Every structure is written in C-alpha cells, then in structure tokens.
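Open your viewer and get ready to select as you read.

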Amino acid sequence: MRIKLSKIILLLFVFSLLVVFGSLTVRAQEFNFDRANSDYLYNYNLYRQSFNEYVVAKEAYLKYETLTSKTEALEKTRQMLRNQDEVVKTYLTALRLKLAETSGISDYEQNVLYLKLDSEIAWFAKHQEEANSAGTLEDLVSSAQDGKDQYQKTEVLVYGTLGAIIASKETALREEINQKIKELKDKVGEIRLKGDKNTALAERWLLEAENRLTRSQEKQFAAQQALSKIKVNNSKKAEDYNKAQFTFEESHQYLKDANSYLREVIREIKSAD
Amino acid sequence: MRIRTILNQDFENLPRQEEGKEIKPKMAFKKPLIIFASVFGAVLVLLIATAVFMSFNPKDNSTGKIGQPTPTPIPEFKEEITSPSSYATDSAILKSEEEIKALDEKIQKTDIKESGLNPPVLEWKIEFEKN
C-alpha cells in the first residue's frame, strides 16, 4: 500500500514538473521581437507621461520651494528616471530579439553583440535600482548624469547593431543572387556546348549581374566602415548613421539591378536567335 | 326641289336589313384601338418617368460617383517572347525564372532602413536651478 502511494506521488511530481516546464517553454516561445517591441513602445509612452509630470513638479518646486513641492518633485523625478531606464532596457531587448531573428549574420558577431547588449541591459537595470534608492534631488541629478554618459556608449552599440542587422540582410540576399548566377552560368555553359543557341548576350548579362554584386559588396563595406567611425563623443551620431544607412540603400539598389539582369538572362535564353 | 326628290323615292324597294345581323355602331370598332393606345401611352409615360427619375438619382451607380477620384489603371508590363527558342519550355529554365521572380519580390520587400528600430529620444538633462 505504502509503495503504491509513493509511486503515485512520484508520478504526480513528474507530471507537475512536465507541466511547469512545458508552460515555461511556451512562454519563452511567445516572447519574440513583436512582443518585445510592443513592450518597448508601451514603456516609451509611460516615460513621456512621467516626463511631463516631472516638468510640472519641477516648475512647482522652483516656484513655491515648499517641502511638499520638493517631495513631489523628488518622487516625479525618480519615477521619470525609472521609466527612462525601463525604456532603454526594453528597447535593447527588442533590438536583441531582432538580431536573433535576422539570418545571414555570423555566429561570432551575433554572440559578441549579444554580450554587449546584455551588459548594457544589466547596467541600466542597476541604474534603475540606484534611482529607486536616491534620497535627494541632488542624488537624482547625479544619477541622471551617469545615465546620460552611459547612453552615449549605448548609442554607439545600437548603431553598430543596426548596421550589423542591415548588413546581414544584404549579405543573405547577395548570397542568394550569387547562387542563382552560378546556376544560370552552368545552364548557359551547357547551351553553349550544345551549340544550338548563341549565348553571348546571356553571358554578358551574367557578367553585368556579377559586377553589380561586387558594387553592392563595396557599398556595404563603405557603410560598415562609416558605422565603425561613430564614437562615444561624436555629437552627430544620428547624422552619421543616416549617411551609412543611405550607403546601405545604394548597396541594396545594386542587388535589385543584379537580380533584374538575371531576368534578362532568362529572357535571352527563352528567345530564339 | 329637294322635297320633291324625297317624295319621289321608292320606299317599298328600299334595301332591308338582313335577319340575324346587327348593325354595329361606329364606336364599337374604336374600343380596342383606344385600349391599345391607352396601354401604349401608359407604358411610354412609365418609361419616360423612369428615364427622368434615373437621370436625377444621385445614387445611381451607372453614372459614377462625382468628386471621388478613381485610380487610373496602370497597364502591367508582361514579357512576351514573340519567337521562343527551344529552351522556352525547358523545366530548369522555367524553375530558375520562378525562383528569380520570388527573389525579386523578396528584395523589394526587404526593409533596409529599419527606421522603427532607431534609438529612443530621451531627455537626460535634469536640473533644479532657477534660470
């Protein structure tokens, strides 16, 4: 009787473990980029609201300089800083998930970026705790300054990660086009050997497509170089990033051209001499 | 003169009405004609009324909605090979063609800007000093 009871308890324990593990796995699967991005946008909205409340409380404190208004300003500032840190954390999490969902990036580069992003998220989590424990307005001002200095570094990492995401997309597309070029080259080679069709024009289109791929690669390299030049103390980080992004767009245009040339190759093969 | 002529008539030999036959009045012949004309007229009036009503009805779809621009249909360019080669029906070529088309759509759809992921704008400067 006792053995039976222990068996039932053991079975129930294993079953409950499986249920818990299963539900955790489902929850983990559900947390994707879209969900993380929604979290980030929600927190950004909260931050905007708390920032407005901070401005009102600050004005009231500077005007009346009472203990009540000072307490109110302290609380509103603390809340705003907490929300600000939460915005950065959720944004970086969304960026991390975007990176995870992007194909074409090397494992090494991806892992390095993961480590850096995790380190930044941890910093802002710690900063959030510090803001919670700040007792005076001066402490909060100092805490905000720390956050500002760190965010300068965060921006460099963000632009680098965004560049890596875009570059990996370009690389993946270029590889696909390159594969198609190889296939068509083989086919055109077969036709030339058979000698029942002139392949000169098709070969010229293939050559042009290859040239466009090379140009695309060069533009991508130039964009990545520009991104690597963005430094912490650079005051025009966003402007520099936009320039790099434009170069990525040029690279993308070359990919479009290359693929359209492949369509010309097909057209040429399908047409009689 | 006229009276004399009447008196000189041979009343006995006047033509008699045949037995069993009734002389129909002239109006009896006109009745179907009147019915036909009235029905025809009514139909005509109905048709005219319908035509007038339709021309003034703003909800009539056949006239098109005034003031609402409709997009001009853009003719889609379709590659037509007038003189196909022996490879026009080659399965490998057709397969490559489909794959290149799919790749083209993929390239067009790829978001190369990722503008939704730009870093958030945050106000870090906090101060409690009077200007």
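## First stop: a pair of crossing helices

Select α4(A) and α5(A), whose crossing is left-handed. Keep in mind that you are looking at a predicted model. The axes of α4(A) and α5(A) cross at roughly 165° and come within 11 Å. Angles over 145 degrees count as roughly antiparallel, and α4(A) and α5(A) are therefore roughly antiparallel to each other.

Now show the side chains at this contact. On the α4(A) side, pick residues including A:Leu113, A:Lys116, A:Trp123 and A:His127. On the α5(A) side, the contacting residues include A:Leu140, A:Asp146, A:Gly147, A:Thr154 and A:Ala164. If you colour by class, the contact of α4(A) with α5(A) has seven nonpolar, six polar and five charged residues.

## Second stop: α3(A) against α4(A)

At what angle do α3(A) and α4(A) pack? The angle is about 165°, and the axes are 9 Å apart. α3(A) and α4(A) are therefore roughly antiparallel to each other, and their crossing is left-handed.

The residues of the contact of α3(A) with α4(A) divide into 12 nonpolar, five polar and seven charged.

Next, look for the largest nonpolar core, which has 27 residues. Which of its members touch the most others? Select A:Val88, A:Tyr91, A:Leu95 and A:Tyr159 to see them. At least two residues of this core come from each of α2 (33-64), α3 (67-101), α4 (107-133), α5 (137-194), α6 (200-228) and α7 (237-270) of chain A. α5(A) gives the largest share, eight residues.

Now centre on A:Tyr159. Beyond its neighbours within four places in sequence, A:Tyr159 is in contact with A:Leu227, A:Ile230, A:Lys237 and A:Tyr241. From there, move on to a second, separate core of 22 residues, where A:Ile177, A:Val188, A:Ala202 and A:Trp205 are among the members.

Is A:Leu173 buried or exposed? A residue with 20 or more other C-beta atoms within 10 Å of its own is buried, so A:Leu173, with 24 C-beta neighbours inside 10 Å, counts as buried.

Draw a distance from the C-alpha atom of A:Leu173 to that of A:Asn259: the two are separated by 10.0 Å, although the residues are 86 apart along the chain. Setting aside residues up to four places away in sequence, A:Leu173 touches A:Leu255 in chain A, as well as B:Ile107 and B:Thr110 in chain B.

Chain B has three helices and zero strands, following the pattern α-α-α along its sequence. What share of its 131 residues is buried? In chain B, buried residues make up 4%.

To finish, select the contact between the chains. Chain A brings 49 residues to this contact and chain B brings 31. Colour the side of chain B that touches chain A by class, and you will find 17 nonpolar, five polar and nine charged residues.

Conventions:
Residues numbered from 1 in each chain as written. Chains lettered and ligands numbered in written order. Predicted model: local features only at pLDDT ≥ 70, side-chain atom pairs only at ≥ 80, totals over all residues. Core = buried A, V, L, I, M, F, W, Y, C linked by C-beta atoms within 7 Å. Buried ≥ 20, exposed ≤ 12 C-beta atoms within 10 Å, placed from the backbone. Helix = DSSP H or I, 4+ residues; strand = E, 2+ residues; numbered from the N terminus. Contact = placed C-beta atoms within 7 Å. Nonpolar A, V, L, I, M, F, W, Y, C, P; charged D, E, K, R; others polar. Axes fitted to C-alpha atoms, helices over the stretch in contact; angles between N-to-C directions. Parallel < 35°, antiparallel > 145°, perpendicular 65-115°, else oblique. Left-handed = near helix turned anticlockwise from the far one by under 90°.
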